[in-house]
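Here are my notes on this model. Please read them with the structure open.

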Amino acid sequence: MKVTLAMKPAAKSFVPIEAESIVPKSFLAGTEYSVWRGNRELRLDEIFTITVEGHAERAEEVEVVLSGDETSRLKRVGEYMDAGKITVLGGIGMHCGNFMSGGTIEIHGNADGWLGREMTGGTIICRGDAADYCASGYRGGRKGMKGGSVEVFGNAGDFLAEHIAGGTVVVHGSAGDMAGVEMHGGTLVVHGDCSRPAANMKEGSCYVYGTAHGMLPTFRKVGTVQHEGRTLTHFTGDLANRGKGNLFVKDYEYLD
Amino acid sequence: MSELLVKNARVIDPLRGINAEVMDIAIRDGKIVEEVSGAAEVIDARGMLTMPGGVDSHTHICGTKVNFGRYMSPEDMRAGRTPRRGPMHATSGYSVPTTYANSYRYSVMGYTTLLEGAMAPLEARHTHEEFTYTPLQDTMANTLFDGNWGIMEAIRDGDTKRVAAIIGWTLRAVKGFGVKLTNPGGTEAWQWGQNVSCIRDPVPYFEVTPAEIIRSVVEANELLGLPHSVHLHCNNLGTPGNYTCTLGSFGLIPDLNKKRQTLYATHVQFHAYGGSGWKDFCSKSEPIANFVNMRPQIVMDMGQVMFGRTTTMTADGPMEFNLYRLHHDKWSNHDVELETGSGIIPVVYRRKNLVNSIMWAIGLELALLTKSPWQCLLTTDNPNGAPFVKYPEIAALLMSKRYRDAEFATVHPDTESRVPLPAIDRELDWYEIAVMTRAGAAKALGIQDLGKGHLAPGADADVAIYPILIDEVDPSVDYRKVIEALSQTEYTIKRGRVVARRGECVVDGSNATFWVKPKISDAYDMGKDPDFIEKFDRYYTVRMRNYPVQEEYLNRNRCIETEAGI
């Protein structure tokens, strides 16, 4: 079953739309859902032109396609998603794929903050950039992403994969500050540069194929390793918190 | 004029010595009266256990540190979510819920009066603001004086009257109810990265010892004629072998008040530890309970630990730092200038953990080994030992040896050799539970004369009616029914109105806050004392005139004026 949600052109509005009801399994029982815009509850068909093609018995067989110019106003799309597919033909708002445990979300534009926050499984592919706190935990939380994978083809913002405890995050561009901070496990790969990677890490592996700016002095240098055709410098740490994680960087520079 | 008649209730009212008599309770305009007219609304409580509204003599529900517990644990706020329903606001949180959640959950359990255990004077406004949004219980706040510079200097100078004057001025300014000492001296030492190990260690820079602070503040408390005694969280909390320190502190206390205890020792479970380290950690509930049995001047509360996750929060900053070093989880630490401090960490108490299992046993032992239930009150020091929603389970554990044994079979196997619990056969009855959860608490807080904790004519009409027929249910066998009944009242009546019915809160409510205003002579008015004013100007970040909490902050305000002997 393919459900196409084409966002109707609306009068210019900056009010985000809370759309946690947009998950594949919802559509097995029809399209009678509501979303919230500010304090107003709106039916799905007030925001979208809905087209349903085919039929599905299980959530795995459902694909939801979001299109329109303002898809980046939609928040919490795919929250608690466990199967199926969501394709976004544009950008997406904050908290896309929160707590996701299965299925696939593919975003053809940019994703706003907290993409895949605290996800435990499934796959997120972002063709554009991801903003801050991609694949991270939440304010004061103990664990970020615990499983699944996030792949970002553009750049990622600050606090990428904060508190990550499992799963894989790959960023093909650069990441911002504090990538992999408080890492407990899992794997983080940044193809470009980032600053202060893996601060206070306990376990897990962080790879930086570019330059680690502001490299923390609390990591112990072990030597060099060969990794997928690259020569990387291997550090362990973060010693400041008795950490036993591994940080591999192509180049690094300490703060003066 | 509103009238209400509760008919055929099976009443337990320990402050009047009423034990399971069938009675009618007449209520007019929020007070208990002798009788009401025929036009009164009638509630038929046929045979149901009916007691005065519950009084929690030590809980942490409002104020800056509670709020900090909320925002450092978003995962806790995800639990216990309920949507808005009728007059009930949306709620969330488990161990540190929102103010409304606290109020509703307490109300559903039949609690109508709560004492916030620790309010930093400088941050009192926040506590009072949150009280406003705890609508279904009357509230009062113990005020922290453990590391107060002015008080420690007065103690060093041997001037107990000045100690009393500072306490009196501050309580009046911040609308506090009682005096709380948390790790006296230790929290101040912690601001310098240190601690005190027991009552004879000097507090750095102040040349006083915790023993001097305790003794002097206890005397000052009586000089001021305060309704409640000093509320003490002893030094050295949570350390193996600390029971000697606890006994030492208890030994300092003279018997100064005929009406009530002279010392309220709080969460004594955390202070009844034997052993020299975690390896030989064991229960020392017996010497503590024996000591309390011989000292009518001391009342304690259990500080029962229950298994599961919770958040610990206390003004005892150094203790929380030590806990943080054990757990390596989240930690928050706070210094309140010139007054006190605090620390917060989330914890999980586990059955498979030997130390946690022993802690669980000690709380129960204290309650079972203390002969008079008036001297050991039922609390968890919410949320430090467990969230207060565990109270029904604790009552059931105290009432049923069979339940204790069943639970004991699930804890760490080595617990048996470290605690006396399995050998204790005592099972408390309903009367004793009523003492530990309302009458005793009201008496210890000194609020029975203000109409709390009993159902005599003239008292506040705070009544809890539980759906259990105590003639038919044997608590030692049917402990599940006890838990069920105590978890959800049939009716909770607050100030003459039904506020909760079978798990639902049915009105908005509006609480009252009790605070004290000791009458102090001009010679001891700290507001006019040049040294005190100068200290204020020099060290506080607020001006003295901005420091007092305005009465507008108190919703309904019940000021207790006392005659101070200074």
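How many salt bridges count between chain A and chain B?

1. The count is three salt bridges between chain A and chain B. A salt bridge here is a side-chain nitrogen of Lys or Arg within 4 Å of a carboxyl oxygen of Asp or Glu. A:Arg142 forms a salt bridge with B:Asp329. Their closest N and O atoms are 2.6 Å apart.

2. This is a predicted model, where local features need pLDDT of at least 70, side-chain atom pairs count only at pLDDT 80 or more, and totals for chains, interfaces and linings use all residues. Residues are numbered from 1 along each chain as its sequence is written, chains are lettered from A in the order in which they are written, and side-chain values use heavy atoms, with hydrogens and water left out.

3. Chain A gives 10 residues to the contact and chain B eight residues (contact: heavy atoms within 4.5 Å). About 700 Å² is buried between chain A and chain B (accessible area, 1.4 Å probe, lost on being put together, summed over both). Carbon and sulfur atoms give 37% of that area. In chain A, A:Gly140, A:Arg142 and A:Arg242 lose the most area to chain B, together 57% of what that side buries.

4. Within chain B, helix α5 (residues 149–156) packs against helix α8 (residues 210–223) at about 95°, axes 10 Å apart. Helices are DSSP runs (H or I) of at least four residues, numbered from the N terminus. Axes are lines fitted to C-alpha atoms over the stretch in contact, and angles run from 0 to 180 degrees between N-to-C directions.

Terms used: Helices (H or I, at least four residues) and strands (E, at least two) are DSSP runs, numbered from the N terminus. Buried area is the accessible area (1.4 Å probe) that two parts lose on being put together, summed over both.
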